[in-house]
Every structure is written in structure tokens, then in C-alpha cells.
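Subject: Handover of a structure

Dear colleague,

I am handing over to you the structure shown below. Please read the notes that follow it with the structure open beside them.

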Amino acid sequence: MGNKTYLGVSKKEITPPLGCHLYGYNPNIIGKSVMDPLYATAYVFSQGETKLVMISADVCSVNTQLTLGIREKIAKELAIPVESITLSATHTHTGPNVSGNVGWGNLNDDYIKDIFIPQIVASALEADARAVPVRLGVAHGDSYVGINRRELNDKFEIIFGQNPLGPFDPRMVVLSFKDEEEKVVANMIYYGCHPTALGHVEMISRDWPGIMVD
């Protein structure tokens, strides 16, 4: 492979069955319909003998031990160190509970065993098999749709609200990977903004990050 950078990408659906508890607001919100499917997207980079795996899952957060277990499975399959694999969440509040924090409900064990783990592992293995040489382009700018949510009310209490004068990061960065025929293999987007626009709905969704990714 020499000094060329290779990238393979794969996306697998991880939408839970209807009737699951949605994680992020309280334990009593049930997913009764699907607004848009959830996905796990795997990127496998390689250069020479080095291989790195980055996975993004459309859930709110992932339990630490579960994350480690998935990384270990992928590491074994690809014969790479666990430290070379990352698993992150888009932080949608309209996805299944794979975190299990106290006060937010129990882990959705059946979903984790039957859908979440196998689909994430499958996405990583498929991405590895699809690797092609790529070049990287980077662009950045500012987006001001975000707002600081630490509002000071008339009782001098800090509440969740809108604080236009508070600090926030407006930077948006896009990484675009193209193959040798100038076709886009994948894009990555960085933007720090809490993805909870839908509120307390009984729908499974990627929320606004899903629209941006599409």
C-alpha cells in the first residue's frame, strides 16, 4: 500500500423495534413510530501497516463496557489493537437505551444483543473490505444556528433556556474523501450543537443530525 491512504465505508441500519424506551429525556417515553431510521456508519482507514476504525452510531450515548466489548470484537476480526478503534454516538434523544445511566431506565439488552452489536461489527468488517485509495479535502466556516442554553432568569437562577450572549462554538468543519476517479467516498461533518430539536416525541429518529448527514 505504500504511503497511500485507503478508506472503506459502510452504513448498517440499527433501528430498534417499536415499543422500545427512548433514551435522553426520561424512562417513560416509548418509540411508537419511526420518523427516520437509525444507522451505524463505519470508516476504516489504512496506511501501510496502520489501520484505524471510526464508528458513529445514531444513539444518545453508549455504555462504557458495551463500547469496549464491541471494540474488542472488531479488533479480533481485523487483527488490530483495541486502541485503534473508536465508537461514538451522535447523541440523538430519540433512540434506544444503550447507556443505562441511573435514572434513565434499563439497558435494552435484547436490542443490544440482536441488532446493535452485530450490525456495528458488520459495518466495520464491510468497510474494511471496501477500502480504496483516497485523497482528503477540508473546508470550514461558521454556522450560527447554535445558542448557549444556560439562561439566567429573573430570580437569578440558571435554567435550561436561551442565552444569546453566552459562549458557543460556531465552527463547522467538513472533511471530504475522494477516490482516484474524483468520486466522493465519504464526508465527515463536525459541528457542536445539542441534537435534541424534536423534544419529547414518541418517534424514533436521528433528529437534526440525520437531516444534515443526508
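I begin with helix α2. The buried residues of α2 pack against β1 (5–13), β4 (39–47), β5 (50–57), α1 (64–78), β6 (85–89) and β7 (95–96). Here helices (H or I, at least four residues) and strands (E, at least two) are DSSP runs, numbered from the N terminus. Buried means under 20% relative accessible area, exposed over 50%, and partly exposed in between, with a 1.4 Å probe and protein chains only.

Before going further, please note that this is a predicted model, in which local features need pLDDT of at least 70 and side-chain atom pairs count only at pLDDT 80 or more, while totals for chains, interfaces and linings use all residues. Residues are numbered from 1 along each chain as its sequence is written, and side-chain values use heavy atoms, with hydrogens and water left out.

**Helix α2**

Helix α2 covers residues 109–129, which makes 21 residues. From its first C-alpha to its last it reaches 29 Å, close to the 30 Å expected at 1.5 Å a residue; the expected span is 1.5 Å times one less than the number of residues. The buried residues of α2 are Tyr 111, Ile 112, Phe 116, Ile 117, Ile 120, Val 121, Ser 123, Ala 124 and Ala 127. An α-helix has 3.6 residues a turn, so residues three or four places apart point the same way. At Phe 116 there is a kink of about 30°, shortly before the proline Pro 118. The bend at a residue is the angle between axes fitted to the seven residues ending there and the seven starting there.

**The sheet**

Seven strands form an open sheet in the order β6-β5-β4-β1-β8-β11-β12, with mixed pairing; two strands pair if DSSP finds at least two bridges between them. Because β6 and β12 stand at the edges with a single partner strand each, one side of each is left without a neighbour in the sheet. From one strand to the next the twist averages 25°. Axes are lines fitted to C-alpha atoms, for helices over the stretch in contact, and angles run from 0 to 180 degrees between N-to-C directions.

Strands β1 and β8 (residues 132–142) run antiparallel and are joined by three bridges. Opposite Tyr 6 stands Pro 133 in β8.

Val 174 has Ile 189 in β12 as its bridge partner. The hairpin of β11 and β12 has five residues between the strands, and in this hairpin Glu 182 takes a positive phi near 70°.

**Salt bridges**

How many salt bridges are there? The count comes to eleven, where a salt bridge is a side-chain nitrogen of Lys or Arg within 4 Å of a carboxyl oxygen of Asp or Glu. One of them joins Glu 180 to Lys 4, with the closest N and O atoms 2.9 Å apart. This pair links distant parts of the chain, 176 residues apart: Glu 180 is in the loop between β11 (171–178) and β12 (184–191), and Lys 4 is in the segment before β1. Glu 180 is exposed, at 55% relative accessible area, whereas Lys 4 is partly exposed, at 43%.

In another salt bridge, Arg 206 meets Asp 214 at 2.7 Å, N to O.

**Arg 171**

Arg 171 is found in strand β11 and is partly exposed, with a relative accessible area of 47%. Its C-alpha atom is separated by 4.7 Å from that of Asp 142, which is 29 residues away along the chain. Not counting residues up to four places away in sequence, Arg 171 touches Gly 141, Asp 142, Tyr 190 and Tyr 191; contact means heavy atoms within 4.5 Å.

With kind regards
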